[in-house]
Amino acid sequence: MPDPQSIRQSAIKRFRSIFSNFIRGGFLKYHKDLKKDSALRVKDKLQNEFDKRLTALSAVREFQNSDAIEKMLRSFSGWATSITPETKEQADVHRAIKIIFSSMKQAANDQRDTLRDQGHKLENALSGVVAKEFGALAGVWHSRWREEGYKFRAAHKQLDEKIFLFSNTWATKHGMVKPGVDGWAHDHDAPGMLPNCKCSFRYIYSLKDLPEDMLTVRGKQALAAESIMV
Ligand SMILES: [Zn+2]
C-alpha cells in the first residue's frame, strides 16, 4: 500500500499531466471546431482554474484523513498476521479483524477513486473555461455508459447525445437560437459534477451545427446569409 505522501504527490503529478495534455491538444476531443492553439490562447484563464482545483484537491476530506487510515492499516495488518486462531473465540476475533481490515482497505481504494474523480472534474472544468471563452452555443451530453465496469447513473444514460442550449451566448443575445426538445443546459447539473460522474459535453460553436428546431427565424436568416457569403 502506497504511503499518503506518495498518493498526494502522484495526485499532483496526475493533475499536472492532465493540464498539459489538455492545453496541448487534448481539449480538441470536446471542442472539435477550435484550432490546435486555441487553448494556449486562453492559457491564463485555464491556469487560474487549474490552480483553484489543485487547492481544492488538497482540501478533499478523505484525502486529509489518509494519514490516519494508512497508519491504522499498517498496525492492523501486522497484528492480524501475527496471530493464529486456536479456539473458536480466537477464530471469531480473527474474522472480525479481517472484516475491519478489508473495509479499511476499501476506504483507501475509495480515496484513490476520489482522486481519479477529481482528475476528471479538472478536465471538465478546463473544458468549460474554453467553451465560455470561445462562445460555445450548446453542449452535446456524452455519457460513458458503454464503458465496462463504469457505474453510470441511469438518468445520465438518458441524457446521452442530447443537445442542451447555453444561455447568455452571442446567439441568445441576438435572438438566433431557442432551446430544442432537450431544453437548456442550466436545467441540469453540469456533466461530471456529481461524484464519480464521467459525463462530459462536446461543444457546438456554430449555428449550422444546431438542429433546425433550435434556430429562430432570425437564426435561420443569419445562417442563410452566411452560406451565401461562403
Ligand atoms: Zn454522469
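Tutor: Let us start with Asp33, which counts as partly exposed because it has 14 C-beta neighbours inside 10 Å. The scale behind that word is simple: a residue is buried if 20 or more other C-beta atoms lie within 10 Å of its own, exposed if 12 or fewer, and partly exposed in between, with C-beta atoms placed from the backbone. Please keep in mind that this is a predicted model, in which local features need pLDDT of at least 70 and side-chain atom pairs count only at pLDDT 80 or more, while totals for chains, interfaces and linings use all residues. Residue numbers run from 1 along each chain as its sequence is written.

Asp33 sits in the loop between H1 and helix H2 (38-41); helices (H or I, at least four residues) and strands (E, at least two) are DSSP runs, numbered from the N terminus. Setting aside neighbours within four places in sequence, Asp33 is in contact with Tyr205 and Ser206, where contact asks that two C-beta atoms, placed from the backbone, lie within 7 Å. Along the sequence, Asp33 and Tyr205 are 172 residues apart, yet their C-alpha atoms are 6.9 Å apart in space.

The chain has 9 helices and 3 strands, and along the sequence they follow the pattern α-α-α-α-α-α-β-α-β-α-β-α. The 3 strands make an open sheet in the order S2-S1-S3, with antiparallel pairing; two strands pair if DSSP finds at least two bridges between them. S2 and S3 are the edge strands with a single partner each, so one side of each has no neighbour in the sheet. On average, neighbouring strands are turned by 35° against each other, direction ignored; axes here are lines fitted to C-alpha atoms, for helices over the stretch in contact, and angles run from 0 to 180 degrees between N-to-C directions.

Look next at S1 and S3, whose antiparallel pairing runs over 5 bridges. Here you can find Val140 opposite Arg202 in S3. Because 4 of the 5 residues of S3 are buried, this strand is largely enclosed by the rest of the structure. For the chain as a whole, 23% of the 230 residues count as buried.

The largest nonpolar core has 32 residues, and Ala136, Leu137, Ala138, Leu165, Val177 and Leu210 have the most contacts inside it. Several elements give two or more residues to this core: helix H1 (4-23), helix H3 (43-59), helix H6 (88-133), strand S1 (138-142), strand S2 (163-165) and strand S3 (200-204). H6 supplies the largest share, 4 residues. Domain 1 (1-134) and domain 2 (136-230) both contribute, so the core lies between them; the domain bounds come from an automatic or database domain assignment. By nonpolar core I mean a set of buried Ala, Val, Leu, Ile, Met, Phe, Trp, Tyr and Cys residues joined through C-beta atoms within 7 Å.

Beyond four places in sequence, Gly119 is in contact with Arg14, Phe15 and Ile18. Gly119 and Ser17 are 102 residues apart in sequence, with 9.9 Å between their C-alpha atoms.

Let us finish with some loops. Arg144 lies in the loop between S1 and helix H7 (154-159), and outside four places in sequence Arg144 is in contact with Tyr150, Phe152 and Lys198. Glu161, in the loop between H7 and S2, has phi near 70°, a positive value in a residue other than glycine. Glu161 is exposed, with 10 other C-beta atoms within 10 Å. Asn196, in the loop between helix H8 (170-173) and S3, has phi near 55°, also positive in a residue other than glycine. Asn196 counts as partly exposed, with 15 C-beta neighbours inside 10 Å.
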